[in-house]
Amino acid sequence: MFAKHLLKDKIILITGGRSGIGYQIATSCLSYGATVYICSRKEDKLKIAADKLNEIGTCYHIAGDIRDIERVQEIAEYIKEKSGRLDILVNNAGGQFPSPAEDISYNGWNSVINNNLNGTWYVTQTMAKTFFIPQKNGNIVNIIANIFRGFPGMVHTGAARAGVENMTKTLAVEWCKHNININAVAPGIIKSTGLGQYPDELLEGVSDRIPLKRLGTTKEVADLSIFLMSPMAGFITGETVYIDGGHRLWGDLFDF
Ligand SMILES: NC(=O)c1ccc[n+]([C@@H]2O[C@H](COP(=O)([O-])OP(=O)(O)OC[C@H]3O[C@@H](n4cnc5c(N)ncnc54)[C@H](OP(=O)(O)O)[C@@H]3O)[C@@H](O)[C@H]2O)c1
């Protein structure tokens, strides 16, 4: 798709890189010549993923929860020790669960906000202060979601992702002086491991409600992410790019 050495010598951190969209982004980054770091909470699964990714290129793994600010700093130190710098951050780790808004508990709300908004912020600020700002160079890709018309059925993640989208715009302006580009990718419904946690009946007939009449692929999300982190997107910052088969414009997300 892109030039073979597009990401040669780039050092890239992908949170949640052990599965699904993050794993595919890691695969693509490695195939374009980058050195990749993946992190997520479940160390055994993370190691299995890293072993497979190491067949393509150099992939380091370090377990950690993005909600744990001290651990996030340790992840930064680990990267510094091994590679001395970081060029690109992909904030992909996240998760949520479907629920009518009125049934979401205090803990359920806080857990999604902590993961998808606060965790993303901790990683972003830590990597910027440790690497991008002193280096005067950096690139951040935030994986969010299709929040164009709100997020009926998952108000917590809609609010968290809208927070990340707004953060993307603000940091794009504040960090221009440090030569940092930051953009968001808003996937619609993507055929990925993350869908496994939703009940089958919730996803029944979902393709019919997407204008392009199919789900997206992790490869399509990875290709867009690669474009945004590459010099081809050098004049794009503070942008959210939807990749949803037109779903933001027409068709219910879930059948209520
Ligand atoms: N698939 C879709 O249709 C879709 C659509 C829109 C947005 N998204 C978002 O895109 C991202 C990737 O989705 P996916 O389908 O590939 O889902 P996935 O396979 O469940 O990937 C999520 C990854 O994030 C990691 N993770 C979750 N919480 C974490 C935390 N607190 N700290 C560190 N790592 C954490 C998970 O690993 P551990 O469990 O080991 O921590 C997992 O590797 C997610 O943020 C998802 O919400 C997905």
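Mentor: Two residues are in contact if their C-beta atoms, placed from the backbone, lie within 7 Å. This is a predicted model, in which local features need pLDDT of at least 70 and side-chain atom pairs count only at pLDDT 80 or more, while totals for chains, interfaces and linings use all residues. Residues are numbered from 1 along each chain as its sequence is written.

Of the contacts between residues at least 6 apart in sequence, 73% join residues at least 24 apart. The protein chain holds 7 helices and 9 strands, which are DSSP runs numbered from the N terminus (helices: H or I, at least four residues; strands: E, at least two).

The sheet itself is open and has 7 strands, paired in parallel in the order β3-β2-β1-β4-β5-β6-β9; two strands pair if DSSP finds at least two bridges between them. Because β3 (59-61) and β9 (240-243) each have a single partner strand, they stand at the edges, and one side of each is left without a neighbour in the sheet. On average, neighbouring strands are turned by 20° against each other, direction ignored; axes here are lines fitted to C-alpha atoms, for helices over the stretch in contact, and angles run from 0 to 180 degrees between N-to-C directions.

Y37 has Y60 in β3 as its bridge partner. Helix α2 (residues 43-53) packs on the sheet, touching β2 and β3, and its direction makes about 170° with that of β3. Another helix, α5 (residues 155-174), lies across β5 (138-143), β6 (180-187) and β9, running at about 160° to β6.
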